[in-house]
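Hi there,

Here is the structure I promised to pass on to you.

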Amino acid sequence: MLVEIKNLRIAFSTPTGWAEAVRGVSLTLGKEKLGIVGESGSGKSLTARSLLRLLPGNARVQADRLAFDGIDVLAASERQMRAIRGKRAGLILQDPKYSLNPVMTAGDQVAEAWRAHKGGSKRAAAQAAVDLLAQVLIRDPARVAGSYPHELSGGMGQRVMIAMMLAPDPELLIADEPTSALDATVQAEILRLMEDLVSRRGMGLLLISHDLPLVGHFCDRVAVMYAGRVVEELQAGELTHARHPYTRGLLNCMPRLSHPEARLPVMVRDPAWLAP
Amino acid sequence: MRRYRALAATLASVPITLFGLILITFLIGRVVPIDPVLAIVGDRAPQDVVARTRLELGLDRPLPEQFIRYVGQLAQGDFGRSVMTSNRVSTDIARFFPATLELATAALLVAVLLGVPLGVYAAVRQGSWVDTVIRVVCLSGYSVPIFVLALLALLVFYATLQWAPGPGRQSVMFDGMVEQRTGLLLVDAALAGEWEAFRDAVKQITLPALVLGLSNMAYIARMTRAFMLESLQGEFVVTAKAKGLSAATVIWRHAFSNILVRLLTVIVLTYAGLLEGAVLTETIFSWPGLGQYLTGSLLNADMNAVLGATLVVGLTYVVLNLLSDLMYRVLDPRVR
């Protein structure tokens, strides 16, 4: 198993005590595509980031098991973590406008990731960066390599991000809402690109999104999170058989062209969902 | 093309700012209730001497005419004569300003070399005891008046421990030994190969530079810490960590490089403030700098000297701002 998560709990210290954001999540992931879906604040990003130990300093992380390829992430040294981050597991963030360093060229940022794990000369890294940019289907990779993030469009920025995270050939790619900040047409392109690269390299993919049908389309399995818990786990093809009322509610509130409705149904939340 | 237009606009603003500066300084000089004639001839001079001097100075002319004449003189580098020293003001400034420049630069080096790393360190260790110590030190450095700090430093390091020499820019035995070229004693001594005099100058400048530097360090460290705290929150820092980079690379290459523009503004303004001449520090350490010159002239109603020194201070602000404006373009690709 690439990823094993058992009873993960994440809490933040607040003036009134500990606020639990993730409350007992269990997941496993092999070399497959797993989608995590849930609304804002359901704990999906925290779950993913805890795997690389990238949570802010005031977070308390507890778990019966939190492991990447058998390495206990909670007990690992900082050095061991650095050997996982980037090299074995990449992380793609939501908005390239914020997630790329504004004062470094795209090429330098990709080259830096390549060089951090593969070593070699600066020139070799720069050349590798241009090749990587070509692999994410950027038409003019040399020009983009010399550009700063503010000179790139959102879709282009996200391609740079993907190139950067794929540079050291990781086994797992975590994508934290990789398309939420992009236009609808670009979203599909980026997802197809990611799917293609992940399939071709035989990597695992953890795709976080709040778009259930989209995740169902791209992933093998889907975990639905609500209020810090996984409320339902399904094979992607079985979305229509979802049992949990929250999952059904999410599916029902998608407008459909084939059955236009005057009003979309409103999700009625049951406090019982919060109980384990 | 747009890049050059912005640059041209910045450069074009320089003469406009300078003109405004001259106009305002001139008007203040004429509006204050000080009679420059009395300052020259004294209050017991006979009436006809007073009247003749007034004519010689052109003070009977209308204000606009006086201003145009003043600007004309300035254009030829003529700031008029100082009453107090009876030298040309330009000569005086050429003597006093390098002393301030030397002290200000040394103090700025202390402030930046200590303040920036401390601020970065405090931000990285936010909330730890190290952070608390740095914050308290900075707060006290910021709130203790500099004359207290300076006198204490003299009391401890000169009077008690005798680690530092007494006030002054040069020991008496080296006085006038070094040939003046730049006016910067350290540079002149090094150029002349007078290493004894150089060592003496270093010893003399150490204590005032430390005192002035430490009190400015507090401000720079505080600002660095605040900027870094914000920068470290950035998503690009998460990206940098996720790439598996070392903590030092994440902090310096990614978080720190993003605060450079704002930090540069703080440093340049600090430097400009120091170049104004630190009156209190210069007085306590008998440092013959611009601050002392300006205060002395002011107390003697020596208006030519006051106007000249003020213009020089204003000019350093303009030049430093221009420099930092040009540096922004180098440091931040978004400004280019």
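Let me start with a term: contact means that heavy atoms lie within 4.5 Å. By that rule, and leaving out residues up to four places away in sequence, A:Leu91 touches A:Leu52, A:Leu54, A:Met161, A:Met165, A:Ile174, B:Val238 and B:Ala242.

Before going further, some ground rules. This is a predicted model, in which local features need pLDDT of at least 70 and side-chain atom pairs count only at pLDDT 80 or more, while totals for chains, interfaces and linings use all residues. Residues are numbered from 1 along each chain as its sequence is written, chains are lettered from A and ligands numbered from 1 in the order in which they are written, and side-chain values use heavy atoms, with hydrogens and water left out.

**A:Leu91**

A:Leu91 sits in strand E7 of chain A; helices (H or I, at least four residues) and strands (E, at least two) are DSSP runs, numbered from the N terminus. Is A:Leu91 buried or exposed? A:Leu91 is buried, with a relative accessible area of 1%. Here buried means under 20% relative accessible area, exposed means over 50%, and partly exposed is in between (1.4 Å probe, protein chains only). A:Leu91 and A:Leu166 are 75 residues apart in sequence, yet their C-alpha atoms are 9.4 Å apart in space.

**Where chain A meets chain B**

The contact takes 25 residues from chain A and 20 residues from chain B. About 1,900 Å² is buried between the two chains, and carbon and sulfur atoms give 61% of that. Buried area is the accessible area (1.4 Å probe) that two parts lose on being put together, summed over both. In chain A, A:Arg82, A:Val103 and A:Glu112 lose the most area to chain B, together 27% of what that side buries.

How many salt bridges are counted between chain A and chain B? The count is three, where a salt bridge is a side-chain nitrogen of Lys or Arg within 4 Å of a carboxyl oxygen of Asp or Glu. Side chains of opposite charge can pair when their charged atoms come close.

One salt bridge is between A:Glu112 and B:Lys243 (2.8 Å, N to O). A:Glu112 lies in helix H4 of chain A and B:Lys243 in the loop between helix H10 (235-242) and helix H11 (247-255) of chain B, so the pair joins two chains. A:Glu112 is buried at 6% relative accessible area, and B:Lys243 is buried at 2%.

B:Glu235 also forms a salt bridge with A:Arg49, with the closest N and O atoms 3.4 Å apart. A:Arg49 belongs to helix H1 (residues 44-51) of chain A and is buried, with a relative accessible area of 15%. Neighbours within four places in sequence aside, A:Arg49 is in contact with A:Leu54, A:Leu55, A:Leu93, A:Asp176, B:Glu235 and B:Val238.

**Salt bridges inside chain A**

Over all chains, the structure holds 30 salt bridges. One of them links A:Glu78 and A:Arg53 (3.2 Å, N to O). This pair connects distant parts of the chain, 25 residues apart: A:Glu78 is in helix H2 (residues 78-84), and A:Arg53 is in the loop between H1 and strand E4 (59-62) of chain A. A:Glu78 is partly exposed at 43% relative accessible area, and A:Arg53 is partly exposed at 27%.

Another salt bridge joins A:Arg200 and A:Asp196 (2.8 Å, N to O). Both lie in helix H8 (residues 184-201) of chain A, four residues apart, about one turn of the helix. A:Arg200 counts as exposed at 62% relative accessibility, whereas A:Asp196 is partly exposed at 37%.

**Chain B and its two domains**

Chain B has 15 helices and zero strands, and buried residues make up 44% of its 336 residues. The domain assignment gives domain 1 (2-75) and domain 2 (97-331) of chain B; such bounds come from an automatic or database domain assignment. The C-alpha centres of these two domains lie 32 Å apart. In contact are 18 residues of domain 1 and 14 residues of domain 2. The area buried between them is about 1,300 Å², with carbon and sulfur atoms giving 83%, and the salt bridge count between them is zero.

Enjoy exploring the structure!
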